[in-house]
Amino acid sequence: MNIEQDIDFELAALRKIAWRMDALFYIPRTNISVGLDNILGLVPVVGDTMALLPSVWLIWKARQLGATPGALAYMTLNTLADYFIGMVPIVGDLFDVLYNANIRNYRALERNLNKRAARAAVVQPARSLPLPG
């Protein structure tokens, strides 16, 4: 595997987690998605804390993949808003359903990595020089 395949593999895994957490299924005849984050969030405090773990993992992986500090800060703020507002009974559950912090974070990571890749300089292979002798 090369670096690009490794990154694509990691992004596919992160995408799967983000969508499972925020969009496991859609409410019929609406564009509203429900995921594991929303289901876990129905259990006060403990459910929200359990739903926080995959979100933190996504941010940790984003750091490993080379996301910029700005993107990591944005992702962290999304996650904190999702966690703390999600703890408020009823209002927090509605916020969780509509906000989809994990999907927002995945998309932010993808945009960030694409911008960084577009700015990266093209590396030319070294020219082989004739050996003396």
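**Cavity, pocket and aromatic pairs in a predicted model**

Helix H3 supplies the largest share of the lining of the largest cavity, namely 4 residues. The model is a predicted one, in which local features need pLDDT of at least 70 and side-chain atom pairs count only at pLDDT 80 or more, whereas totals for chains, interfaces and linings use all residues. Residues are numbered from 1 along each chain as its sequence is written, and side-chain values use heavy atoms, with hydrogens and water left out.

Helices are taken as DSSP runs (H or I, at least four residues) and are numbered from the N terminus. Buried residues (under 20% relative accessible area, with exposed meaning over 50% and partly exposed in between, for a 1.4 Å probe and protein chains only) include Gly-47, Asp-48, Ala-51, Ser-55 and Leu-65 of H3. Met-50, which also lies in H3, counts as partly exposed because its relative accessibility is 45%. The C-alpha atom of Met-50 is separated by 7.2 Å from that of Leu-40, 10 residues apart along the chain. H3 is followed by Gly-66, which has a positive phi, near 100°.

Cavities and pockets were located on a 1 Å grid over the protein atoms alone, a cavity being a set of points where a 1.4 Å probe fits but cannot get out, and a pocket an open set with protein on both sides within 12 Å along at least five of seven lines; lining residues have an atom within 4 Å of a point. The count comes to 1 cavity of 30 Å³ or more, and the largest cavity holds about 50 Å³ of space. Its lining consists of Asp-37, Asp-48, Ala-51, Leu-52, Ser-55, Thr-79, Asp-82, Tyr-83 and Asp-96, with at least two residues supplied by each of H3 and helix H4 (69-86). By class, this lining of the largest cavity has 3 nonpolar, 2 polar and 4 charged residues.

The largest pocket contains about 180 Å³ of space. Among the residues that line the largest pocket are Glu-4, Asp-8, Leu-65, Gly-66, Asn-114 and Arg-116, and helix H1 (3-22) and helix H6 (101-119) each supply at least two residues of this lining. The lining of the largest pocket comprises 5 nonpolar, 2 polar and 3 charged residues.

The structure holds 3 aromatic pairs, a pair being formed by rings of Phe, Tyr and Trp (its six-membered ring) whose centres lie within 6.5 Å, with planes under 30 degrees apart counted as stacked, over 60 as edge-to-face and the rest as tilted. The rings of Trp-19 and Tyr-106 form an edge-to-face pair, because their centres are 5.7 Å apart and their planes stand at 80°. Since Trp-19 lies in H1 and Tyr-106 in H6, this pair ties together parts that are 87 residues apart in sequence. Both Trp-19 and Tyr-106 are buried. The rings of Phe-95 and Tyr-99, by contrast, have centres 4.8 Å apart and planes at 20°, so the pair is stacked. Being 4 residues apart in helix H5 (residues 91-99), Phe-95 and Tyr-99 are separated by about one helical turn. Tyr-99 counts as buried, because its relative accessibility is 19%.

Conventions. Points joined across faces, edges and corners; volume = space filled by probe spheres on them. Nonpolar A, V, L, I, M, F, W, Y, C, P; charged D, E, K, R; others polar.
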